[in-house]
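Notebook open, structure loaded. I'm going through a handful of spots and jotting down what I find.

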Amino acid sequence: MAKWADNEEIQIFREYLQIPSVHPDIDYTPCVEFLRRQAESLELPISVYYPADENNPVIVISWEGSQPELPSIMLNSHMDVVPVFEDRWTHAPFGAEIDNDGKIFGRGAQDMKCLGTQYLAAIRALKRDGTNQLKRTIHVTFVPDEEVGGELGMKSFVTTQAFKELNVGLSLDEACASDEDNFFLFNGERTVYDIELTCNGQSGHGSSWFKNTPGEKLRHILDKFMDYRTKEIVKISENVPIGETTSINLTMINGGVQINVVPAEIKLSFDIRLAVGQDQDAFEAMIRQWCEEAGGDIDLKYISKDPTAPVSIADDRNPFWVAFKSATDELKLTLRVMACPGCTDARFIRQLNIPAFGFSPMRNTRRTLHDHDEFVYADGYLEGINIYRKIISNVANV
């Protein structure tokens, strides 16, 4: 433990982890104060914006390039973290404790406070190496609200004049830990498509034989969704990447007033993530067809429906990709390029046709994001700083 406890960058990371920016009702003030101190130590300007409301700041720390008119590089991370069940943790979730194996425990250790401070540490290392400027301006952004959809964070920020003035040409964001000796690189992601179906029908006494009841319609609809789900699961067993499958999960059923009354409506809610390349219009048409087959009079409501974001080009046509890959090749790193199985703030950037790559430099590490005892290895964290030092230098000098 003493091996890492005195390391400056480890201490900065641990200080950030100790800020309980946890949902719900987050006070981001300690994060803003922490990042102001970081910007001051790096001798870089900091700006704080409130694109949605006064409780959800977006922080931008900028390192101006020698050719600031060129499209900039945005290094993004989010400050918010998901809730914890403290009784399930063996280490204090906001204690940032280090064990004898060099594991640093804390909510946000993998998702994704590690990345925010690694960006800053990589810039600090570059400046210490004598790099006073890169060609392109670097903007290190820290946003709120990602863990609950990004509505009050990146989704709002990209609509502002402040974001437009950043002139972003490439964004780097989060991926996830790999339990093998390689790194994930996300160049796309599935589309959020959360829906609620209300099955309307004949109601009355629970002892009667009615036709077209909400329960009958529910059964038909549920069978259709579950059959589709089963087909997608088969794809995974055939080694189709998760990002190229559509996940369907029934998450809520609501209806009924009492046991002897057939309800007039029953609601079903589904969390759906559409596969990369899935046609949204065709998918909706299929659902509406299922509703008609079930007997009709079923209302479809979108709880959340993202526009389809283009996949960022990861080949020689994209000079930023060439620079990124050159850095990882030089460091002899193996990348697994794929679509993110979930969703990140990068989707809001890709929707603007700005390339975005998700890359979290964690390998040989069990994925514990959102899990109890979330952790990163101290040595892995420090390795990630060196990796980003090379990546940032390469992409900013394109």
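Predicted model: local features only at pLDDT ≥ 70, side-chain atom pairs only at ≥ 80, totals over all residues.

**Entry 1: a loop residue.** I started with Thr213, which sits in the loop between β9 (204–205) and α7. Is Thr213 buried or exposed? Thr213 counts as buried, because its relative accessibility is 12% and the cut-off for buried is under 20%. For contacts I left aside the neighbours within four places in sequence, and Thr213 then touches Gln202 and Val262.

**Entry 2: two helices.** Next I looked up how α7 and α8 pack. Helix α7 covers residues 214–237 and helix α8 covers residues 280–293. I get an angle of about 145 degrees between them, with the axes 9 Å apart. The crossing of α7 past α8 is right-handed. Which residues meet there? From α7 I listed His220, Ile221, Lys224, Phe225 and Tyr228. On the α8 side they meet Phe283, Met286, Ile287, Trp290, Cys291 and Glu293.

**Entry 3: a strand residue.** Leu172 belongs to strand β6 (residues 168–173). Its relative accessible area comes out at 0%, so I put Leu172 down as buried. What does Leu172 touch, not counting residues up to four places away in sequence? I noted Met74, Leu75, Asn76, Tyr119, Phe324, Phe357, Tyr388 and Ile391. I also checked the C-alpha atoms of Leu172 and Met74: they are 6.3 Å apart, while the two residues are separated by 98 residues along the chain.

Entry 4: Asp80 is in the loop between β3 (72–78) and β4 (103–105). Asp80 is buried, yet I find no salt bridge for it.

**Entry 5: salt bridges.** I then searched the whole structure and got 21 salt bridges. I looked at some of them one by one.

- Arg347 pairs with Asp306, with the closest N and O atoms 2.5 Å apart. Arg347 lies in helix α10 (residues 346–350) and Asp306 in the loop between β13 (298–305) and α9 (319–330), so this pair ties together parts that are 41 residues apart in sequence. Arg347 and Asp306 are both buried.
- Asp329 pairs with Lys325 at 2.8 Å between the closest N and O atoms. Both are in helix α9, 4 residues apart, about one turn of the helix. Asp329 is partly exposed at 41% relative accessible area, and Lys325 is partly exposed too, at 29%.
- Lys267 pairs with Glu265, and here the closest N and O atoms are 3.7 Å apart. I have Lys267 as partly exposed at 24% and Glu265 as partly exposed at 34%.

Last item: which residues are linked in a network of salt bridges? I wrote down Asp181, Arg363 and Glu383.

Conventions:
Residues numbered from 1 in each chain as written. Heavy atoms only, no water. Buried < 20%, exposed > 50% of the residue type's maximum accessible area, 1.4 Å probe, protein only. Lys, Arg positive; Asp, Glu negative; His and termini not counted. Salt bridge = Lys/Arg side-chain N within 4 Å of Asp/Glu carboxyl O. Contact = heavy atoms within 4.5 Å. Axes fitted to C-alpha atoms, helices over the stretch in contact; angles between N-to-C directions. Left-handed = near helix turned anticlockwise from the far one by under 90°.
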